[in-house]
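The entries follow in the order in which I made them.

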Amino acid sequence: MAKSDRLIVHSVRPLNAETRLDVLRDSFVTQNTEFYVRGHGAIPRLDGAQYRLVVGGMADRSLSLSIADLRALFPEQTVLATIQCAGNRRGEMSRIRPVSGIAWSAGAIGCAEWTGIRLADLLRHCGIGQAAAYVILRGLDDCDTETGERYRYEVSIPLAKALAGEVLLAWGMNGKALLPEHGFPLRAVVPGFAGVRSVKWLESIRLSDQPSDAYPQARDYKVFPPPVTKETANWSRGRTIDEMPVNAVICDPRDGAEVAAGPALIRGYATGQVVRAELSADRGASWTQAVLEQRGVWAWTFWAVTINLAPGARELAVRAWDAAGQTQPAEIGDNWNFRGYLCNAWHLVRVTVTSRR
Ligand SMILES: Nc1nc2c(c(=O)[nH]1)N[C@H]1C(S)=C(S)[C@@H](COP(=O)(O)O)O[C@H]1N2
Ligand SMILES: [Mo]
């Protein structure tokens, strides 16, 4: 395994691992070997020189293109973007009631500089059919459902998003070729959407008038109201997760840490179109505004704030606000759902503040 020991491994087959929070907050751009890995099946081992991407469906022409063809036909584009799993922070939701899925802490997220071509350029080159409304992205990996059904990884995104300038077909990650576990030789990067739409090991791209009917699109990655369970879910009525909500996480100090009384530096990340992040040490009675570090609209926000801590057991809470004035729910139970998606309640860290001698 090429991955670093700075990852927490949840499963080996398929490989699922998240970045330690202190590692995440160390660097605005996450290193390739430290970037979380989410896989539903085995990692395909592909030969970059033999690789071909097939493009077709409701297009004027169908094409089969090598990476060299893509480089020759379209201008190279680079986007600094965060990718985050829709199940990031799921572990916290399971404390309310059990949820199904990997019990991610808050490290199923990372930020990288992606290099490739615009999906829009490729689609326009092929000629977008009148009836096309979705772009279906298909991977080369075969996966299993919880009940052991085989399926090929495939999802779709609305055509309007596919035509947005930030959506890439990427071969580069932080100036290097993609690692096998991140989609070598070519993956989609759909900034702003849940990680599930950023398909790795792309086999084909099809224009369609319908969304994909494959398992990850039709029977997973949807949100239901709290009373709905695995047994009662009608998947055609769930809300498809594309855009991610505003969220904020405390990376440093870690939960359970000992902190000296007096001024303490608290740091973390936030996602969404963040305009404000703030910290409370008194269960939300008062909030102190954090300083934000931002690099473009598709990357996460880093925040930092120094607050005075009095001795004793303290609970720190963070929340962010977005440009539309929306913020995060106070309680995990507020948006609990049986699959544990989009967990964005105030992120809490309990610390013991020790008096100075
Ligand atoms: N082909 C394929 N693409 C995939 C997946 C997968 O299992 N197969 N997992 C998706 C999910 S759910 C996430 S969160 C991201 C994770 O990307 P990463 O492993 O590069 O961090 O890849 C997405 N693309
Ligand atoms: Mo994911």
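**Entry 1: Q217**

I began with Q217, which sits in helix α6, residues 215-218. Helices (H or I, at least four residues) and strands (E, at least two) are DSSP runs, numbered from the N terminus. The model is predicted, so I noted the terms first: local features need pLDDT of at least 70, side-chain atom pairs count only at pLDDT 80 or more, and totals for chains, interfaces and linings use all residues. Residues are numbered from 1 along each chain as its sequence is written, chains are lettered from A and ligands numbered from 1 in the order in which they are written, and side-chain values use heavy atoms, with hydrogens and water left out.

Is Q217 buried or exposed? I found Q217 buried, because its relative accessible area is 6%; buried means under 20%, exposed over 50%, and partly exposed in between (1.4 Å probe, protein chains only). The side chain of Q217 reaches the backbone nitrogen of S156 at 2.8 Å. I list this as a polar contact, that is, a pair of N or O atoms within 3.5 Å; within protein, one must be able to donate a hydrogen and the other to accept it, and residues adjacent in sequence count only if both atoms are side-chain atoms.

I found N88 in the loop between β6 (77-84) and α3 (90-93). N88 counts as buried because its relative accessibility is 2%. What does the side chain of N88 reach at 3.0 Å? I get the backbone nitrogen of A108, and a polar contact of 3.0 Å also joins the side chains of N88 and Y269.

R89 is in the loop between β6 and α3. Its phi is near 75°, a positive value in a residue other than glycine. R89 is buried, because its relative accessibility is 0%.

**Entry 2: ligand 1**

Which residues come nearest to ligand 1? Of the 18 residues around ligand 1, I noted Y36, H40, D141, H182 and K200 as the nearest; a residue is near if one of its heavy atoms lies within 4 Å. The shell residues divide into 9 nonpolar, 5 polar and 4 charged.

I then went through the polar atoms. A polar side-chain atom of D141 lies 2.6 Å from a nitrogen atom of ligand 1. For R187, a polar side-chain atom is 2.7 Å from an oxygen atom of the ligand. R38 brings a backbone N or O atom to 2.9 Å from a ligand oxygen. The protein covers 100% of the 530 Å² of accessible area that ligand 1 has on its own (Shrake-Rupley method, 1.4 Å probe).

**Entry 3: cis bonds and another positive phi**

I found a cis peptide bond from F184 to P185, with omega near 5°. P185 is in the loop between β11 (176-177) and β12 (187-189). The bond from D252 to P253 is also cis, with omega near 5°, and P253 lies in the loop between β16 (247-252) and β17 (258-260).

R283 is not a glycine, yet its phi is positive, about 55°. I placed R283 in the loop between β19 (274-280) and β20 (288-289). R283 is exposed, because its relative accessibility is 65%.

**Entry 4: C111**

C111 counts as buried because its relative accessibility is 0%. C111 and R25 are 86 residues apart in sequence and 11 Å apart in space, C-alpha to C-alpha.

Technical notes: Nonpolar A, V, L, I, M, F, W, Y, C, P; charged D, E, K, R; others polar.
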